[in-house]
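Please read the following note alongside the sequence and the structure. The points begin with a single residue and then turn to the chain as a whole.

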Amino acid sequence: MSVRTSPSTGRVEADDARVGDGVPSPTPRRRDGGTSSTPKRRPRRDRRKAAEIVLLVGPALLVFVSFVIFPVVMAGYYGFFRWKGYGDPTDFVGLQNYLTILQDPSFHEALWHNAVIVVLSLLLQGPAALLLALLLNRPMRGQSVIRVLIFVPYVISEVVVGTGWSLMLQSQGALNGLLENVGLGFIARDWLSDPDIAIWTLMAIITWKYIGFAAILFLAGLQGIPQELNEAAQIDGASYWQIQRRITLPLLGPTIRIWAFLSIIGALQLFDLVYIIWGQYVASTAGTSTMATYMVVNGRNAGNYGFGSAVAVVLFLISLAVALVYQRFVLRRDTAGALTERNAQ
């Protein structure tokens, strides 16, 4: 602390800071009694950031509310009426539509078919797509062409896929004709109408169409695994399959879990292939009906849009419940890691 004499008052004054000793000098004051710091700039910066968020998120949020939230709310509203799809709904039935759905054996059957499709999709597509991804991850001739050919069925329209397979799998279709020509006519079946094999026919078509998406997704995950880990394991004497089991699968876990989530939600909402191949009423007799086909057949086609809206709400709630449970118990580690990393930043 230094002592000096004020030239104006002649009194001795002490300074708390010395020049050059590394101690910051006191904050100078302005004539209005304030300090020279700039705390008022922060509200302006916060307002600018809020405006940027509104400008960037606003359009997407508006589209989401208009085409997702609002239709769900309106479907829930129409589900309380017996409504033919035009005019104002006036025939209020309360929870009768929902009670009819929950007590209808046809809906129970469709729900069971969706559950079977979910399980079989995970058991059939997952391992097959993983093997394809491991194969395509190794250097080989024509690798790019093979990748494209595997992914092509996924980008083909469901209408084209459904029409083509329905023509090939008819009783007098191309598949049975081929079996007859090669001497395997005893294998020929009514692939679409036989309740014992119709669900397996559907699973074969679904696997053929969507396995390319799973394989490409797994292949992208494999590209992110450091090659040094595999090389170090090989030096330690690990075999190829030991490396895949001990290194590749654990590191590929987040990708597999995301694919499984997408596959489950897609299987619960399956509609187009079933409706195109089996039509309106054959699906229920062949054992391939789903909740979505039940909704269309008993809602729009029956002229009762209120009942169809109630089925849509039930389907939405089931999908939402499955998604929340899956995220809570399966994706918990992935989301927790993402939140931890974001908080650290």
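1. In this predicted model, Trp278 is in contact with Leu192, Ala198, Leu202, Leu273, Ala283, Ala286 and Thr288, leaving aside residues up to four places away in sequence.

2. Trp278 also belongs to the largest nonpolar core, a set of 55 residues. Together with Ile101, Ile117, Leu202, Ile206 and Phe218, Trp278 touches the most other members of that core.

3. Which helices supply at least two residues each to this core? They are helix H2 (96-103), helix H3 (105-136), helix H7 (198-223), helix H10 (253-268), H11, H12, helix H13 (291-300) and helix H14 (305-329). The largest share comes from H7, with twelve residues.

4. Gly279 is found in the loop that links helix H11 (272-278) to helix H12 (282-286).

5. The protein chain as a whole contains 15 helices and two strands. Of its 345 residues, 32% are buried. The chain exposes about 22,100 Å², and carbon and sulfur atoms supply 63% of that area.

6. A final point concerns contacts along the chain. Among contacts in the protein chain with a separation of 6 or more, 61% are made by residues 24 or more positions apart.

Terms used:
Residues numbered from 1 in each chain as written. Predicted model: local features only at pLDDT ≥ 70, side-chain atom pairs only at ≥ 80, totals over all residues. Heavy atoms only, no water. Helix = DSSP H or I, 4+ residues; strand = E, 2+ residues; numbered from the N terminus. Buried < 20%, exposed > 50% of the residue type's maximum accessible area, 1.4 Å probe, protein only. Contact = heavy atoms within 4.5 Å. Areas by Shrake-Rupley, 256 points an atom, 1.4 Å probe, with all protein chains shown as cover. Core = buried A, V, L, I, M, F, W, Y, C linked by side-chain atoms within 4.5 Å.
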